[in-house]
Amino acid sequence: MHLNIGVVTFLFIAVYIVFNIFSYITAVHVRRYEVVQGTIEVNTSYTGLIIRQETVVNAGYSGRLDYFLKDQTKAAHGTLICSIDENGSVSDRLNAAADTGAIMDSENLADIQSGIRDFTKGYRDSAYYNTYNFKADLSGKLMEAVNLGALNEISDYTDYARENQSFHLYHAESPGIVAYYTDGLETVTADTFTPDMFDPSAYRKKSMMSSETVESGQPVYKMITDESWQIVVPIEPEIKDSLSESETVEIRFREDQATTWAAYTLEQKEGQDYLILNLNHSMIRYAHERFIDINLLMDQQTGLKIPNSSITTKNFELVPDEYFTQGNGNSGQTGLIVERRLEDGTYSTAEFVAADVCYRDEEAGLSYISHEKIKKGDRIVKEDSTQRYTIEKTGSLKGVYNINKGYAVFKQIDEIFHNDDYTIVKAGTKYGITLYDYIALESSSTAEDQMINQ
């Protein structure tokens, strides 16, 4: 037989390629993460009870109810809000005039067109919830413009009805914000609220605009007469302790992500701590709500930001710092003189073992080491002394696997804060990681000294 060198070379290359493909497929691939500077916002979520100065206005007559001012609108003293028609004749004429579609003046049309343009320009998919607010606002503006236009259209008839005392107009008796719902909590104050008011299953909200008629004595609108308002929030004792160090706190309204600072007071009722936030602006944005979801922005923590999946825990032997020594010659290695414990209970001859310190507890004078030749039960010898120390103490450290050099090396971390996804750790620690280091993204699939296939 004569060997063909070309065939041999081809077979060798084919086997080499197959071997590498098989090795790559079966190898454990470690995904890496680059350490970056980051911030985690420390916040807590709560639902608070809104307390305002509210006055409910009741109907003095029974009849058909029509509104001329949109919900959640500022009204000056004397502003027309609604009307009650005892026999329904004026209300029928109002509806007929509104159906003509020719009663809106140019000013009202321009205002509605401007609102549509502003919404279109500022629209973002990420804030789609604003579409519902826009729809409600636009419907209110149309109702207000159409009804006022219809009222002007039949002014002669309304004057006649008023003279006969069958048609009654309701004007704002004081300036404020008009709202068309009641919930029975209008008279609650920061002194009179009770814990059972925070039960959402017991809360009942009734819209005044849901019915076309009203009976004498029933509410027709309510007026919020003061821009100052409060939010009462039940909190945990540890939050109370952290808040007692200052007089203001930053909050975020989860409905629209707006943030503001609020002065606060603390109160306890029936063993429950309450945070009472005091605000004097932006109340009109939330006039339609009695309960509101907020975040308390307690602090911001900044440092090296790493994913929680990278964090692992490792056990170490603890040895006194004074037992470390330098190796012989010019190696400059730091290590320990070790007498290893044998199976029969005796100890081997002392020998120098190079050992790296993974962390040093300076207060206790102990160093954390990890070495396959140094285990619990071994003895270490103090240089130039007969003193010996039996390794008995162990400890665990949180850390990550640094993979800068192509293999996994455990590095201790000093945690500052964490949430469900990330942890902030101190930068510049002696035994830790540094900015732009590469670490294993998933510590569960990584082992120390493992060669890294990325």
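How exposed is Asp414, going by its relative accessible area? Asp414 is partly exposed, at 28%, where partly exposed sits between buried (under 20% relative accessible area) and exposed (over 50%), with a 1.4 Å probe and protein chains only. Keep in mind that this is a predicted model, where local features need pLDDT of at least 70, side-chain atom pairs count only at pLDDT 80 or more, and totals for chains, interfaces and linings use all residues. Residues are numbered from 1 along each chain as its sequence is written, and side-chain values use heavy atoms, with hydrogens and water left out.

**The overall picture**

- The protein has six helices and 30 strands; these are DSSP runs numbered from the N terminus, with helices being H or I of at least four residues and strands E of at least two.
- Of the 454 residues, 38% are buried.
- Take the contacts (heavy atoms within 4.5 Å) with a separation of 6 or more: 75% of them are between residues 24 or more positions apart.

**A four-stranded sheet**

- Four strands make an open sheet in the order E7-E6-E4-E11, with antiparallel pairing; two strands pair if DSSP finds at least two bridges between them.
- At the edges sit E7 (167-171) and E11 (213-214), each pairing on one side only.
- E6 (residues 80-85) runs antiparallel to E7 over five bridges, and Leu80 has His171 in E7 as its bridge partner.

**A nonpolar patch**

- Phe12, Ile13, Tyr16, Ile17 and Ile21 form a nonpolar surface patch with about 540 Å² of accessible area together.
- Patches take residues with over 30% relative accessible area and no salt bridge, joining like charges within 9 Å and nonpolar side chains (Val, Leu, Ile, Met, Phe, Trp, Tyr) within 5 Å.
- Ile21 belongs to helix H1 (residues 5-26) and is partly exposed at 47%.

**Salt bridges**

- The whole structure holds 15 salt bridges, each being a side-chain nitrogen of Lys or Arg within 4 Å of a carboxyl oxygen of Asp or Glu.
- Asp273 pairs with Lys240, with the closest N and O atoms 3.3 Å apart. Asp273 is in strand E16 and Lys240 in helix H6 (residues 237-243), so this bridge ties together parts 33 residues apart in sequence. Asp273 is buried at 6%, while Lys240 is partly exposed at 29%.
- Arg340 and Glu351 come to 2.5 Å between their closest N and O atoms. Arg340 is in the loop between E20 (334-339) and E21 (351-354), and Glu351 is in E21, so the pair links parts 11 residues apart in sequence.
- Asp414 bridges to Lys426 at 3.6 Å, N to O. Asp414 lies in the loop between E27 (409-412) and E28 (415-418), Lys426 in the loop between E29 and E30, 12 residues away. Lys426 is partly exposed at 42%.
- Arg52, Glu54, Asp183, Glu186, Lys222 and Arg290 are joined in a salt-bridge network.

**Positive phi angles**

- Most residues other than glycine have a negative phi.
- Ser282 has a positive phi, near 65 degrees, and is in the loop between E16 (272-279) and E17 (291-307).
- Tyr436 also has a positive phi, near 75 degrees. Tyr436 is in the loop between E29 (422-425) and E30 (438-440) and counts as exposed at 52% relative accessibility.

Notes
Areas by Shrake-Rupley, 256 points an atom, 1.4 Å probe, with all protein chains shown as cover.
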